[in-house]
Amino acid sequence: MATASTAPATRTAAIGPRTLALAVLALGGLALLVLAPQYLLLSSEQRTMAGVFMFVVLAQGWNLIGGFAGYPSFGNAAFFGLGGYTTAILMSKSGIGFWLALPAAAAVGVLFALLMGIPTLRLRGHYFAIATLGVAEGMREVVINLEGLTGGNSGITVPAVGAKAVTSYPGNTGFYYYFLGLALAAIGIVWLVARSRFGYGLRAIAQDEEAAGAAGINTTRLKVAAFALCGLLTAMAGAMYAFQQVTIYPPRMFDIDITVLAVVMAVIGGTGTVIGPVIGAVALQFLSEWLRTHYTDVHTFIFGAIIVVAVVFLPMGVVSFARESWAQRRLALLDTVKAYRL
């Protein structure tokens with residue numbers, strides 16, 4: 001009996017300091033992010049950071065369906081655009097404040113994810129990817145043609161300034177905190193999913209859906225639920241973005257580049273992990289801004305080339321590569337290429 005009771009205590013003692021150190025590091029980082037606008041960041045830098053936080057949300061949203069469940073969605077721009085237009089329409093035409101329009105946009109994202117997911121999640125692989133892409137492109141055309149409601153190609157303006165403002169425009173500092181809060185919520189949701197039976201079920205689906213179904217997992221319900229969570233987070237990001245931009249247009253709100261960037265960020269950071277999409281979003285957003293500033297004419301070409309190299313040498317993402325390198329005590333880039341690409 002003494003041996004049995006001593007082993008758990010030993011494991012707890014071994015894990016305790018590491019967990020405490022990670023908790024202190026996380027709290028320190030959070031405190032730095034909260035205080036940064038007051039002491040470290042200029043107004044323009046706060047806007048850049050808000051964009052970083054937004055892509056953390058988008059990458060984490062895609063990670064739920066594409067990383068954990070293994071279903072590569074290319075239609076997340078539909079959630080983003082619908083969230084933005086729901087907010088803009090409610091604020092401009094109904095006089096509803098932003099904090100009431102935001103949950104409405106989230107509800108629209110969840111509802112559309114359910115309507116979109118139930119039929120399309122019967123498909124797999126590139127068929128699912130093409131179907132979701134087609135839905136997103138179709139939604140953009142629908143919004144363009146509903147001119148009386150959405151303004152069509154002329155766009156729609158959120159009443160954020162002046163006497164008609166239903167919610168005062170918070171400025172760059174305000175949106176910094178809005179997107180930071182949403183990013184933390186997205187990370188928290190993915191963290192909970194990763195450690196729940198729901199998350200284990202999604203991983204089983206990604207590994208072998210038939211075997212998961214044979215083991216008693218309701219694969220349809222789990223996939224649709226993951227897609228709904230993805231729709232919720234992405235629609236909320238779109239709602240905040242619409243309020244930040246004030247005037248929005250269909251080509252921008254339903255731009256496929258939004259989805260592609262979120263996918264690339266999640267893949268490079270490490271799909272199916274909690275921290276991977278955060279690393280990918282932060283690294284690629286800062287890299288994109290730096291290249292745009294220093295190599296204005298060719299920044300897109302250089303950015304694309306770097307992404308290609310990163311995907312070739314880190315096909316499983318930064319997080320998985322770091323874990324393998326730590327376990328083997330060496331950096332084996334070529335071994336990774338051989339294992340996953342040759």
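I take buried to mean under 20% relative accessible area, with exposed over 50% and partly exposed in between, using a 1.4 Å probe on protein chains only. I am working with a predicted model, in which local features need pLDDT of at least 70 and side-chain atom pairs count only at pLDDT 80 or more, while totals for chains, interfaces and linings use all residues. Residues are numbered from 1 along each chain as its sequence is written, and side-chain values use heavy atoms, with hydrogens and water left out.

**Thr-273**

I looked up Thr-273 and found that it is buried, because its relative accessible area is 9%. Thr-273 sits in the loop between helix 12 (256–269) and helix 13 (276–294), where helices (H or I, at least four residues) and strands (E, at least two) are DSSP runs numbered from the N terminus. Leaving out residues up to four places away in sequence, I list Gln-60, Asn-63, Phe-68, Val-190, Val-319 and Arg-323 as touching Thr-273, contact being heavy atoms within 4.5 Å.

**Whole chain**

I noted 16 helices and two strands in the protein chain, and 44% of its 342 residues count as buried. Of the contacts between residues at least 6 apart in sequence, 76% join residues at least 24 apart.

**Helix 4**

I checked the length of helix 4 (residues 98–120): at 1.5 Å a residue its 23 residues should span 33 Å, and the end C-alpha atoms are 32 Å apart, which agrees. The expected span is 1.5 Å times one less than the number of residues. Among the buried residues of helix 4 are Phe-98, Leu-102, Gly-109, Phe-112 and Met-116, and the buried residues pack against helix 3 (76–93), helix 5 (125–145) and helix 10 (219–245).

**Helix 3 against helix 10**

I then turned to helix 3 and helix 10, which pack at an angle of about 50° with their axes 7 Å apart. That makes helix 3 oblique to helix 10, since angles under 35 degrees count as roughly parallel, over 145 as roughly antiparallel, 65 to 115 as roughly perpendicular and the rest as oblique. The axes are lines fitted to C-alpha atoms, for helices over the stretch in contact, and angles run from 0 to 180 degrees between N-to-C directions. On the helix 3 side I listed residues including Phe-79, Gly-83 and Thr-87, which belong to a set meeting residues of helix 10 that include Cys-230, Gly-238 and Tyr-241.

**Val-246**

Lastly, I looked at Val-246, which lies in the loop between helix 10 and strand 2 (247–248), and whose phi is near 70°, a positive value in a residue other than glycine.
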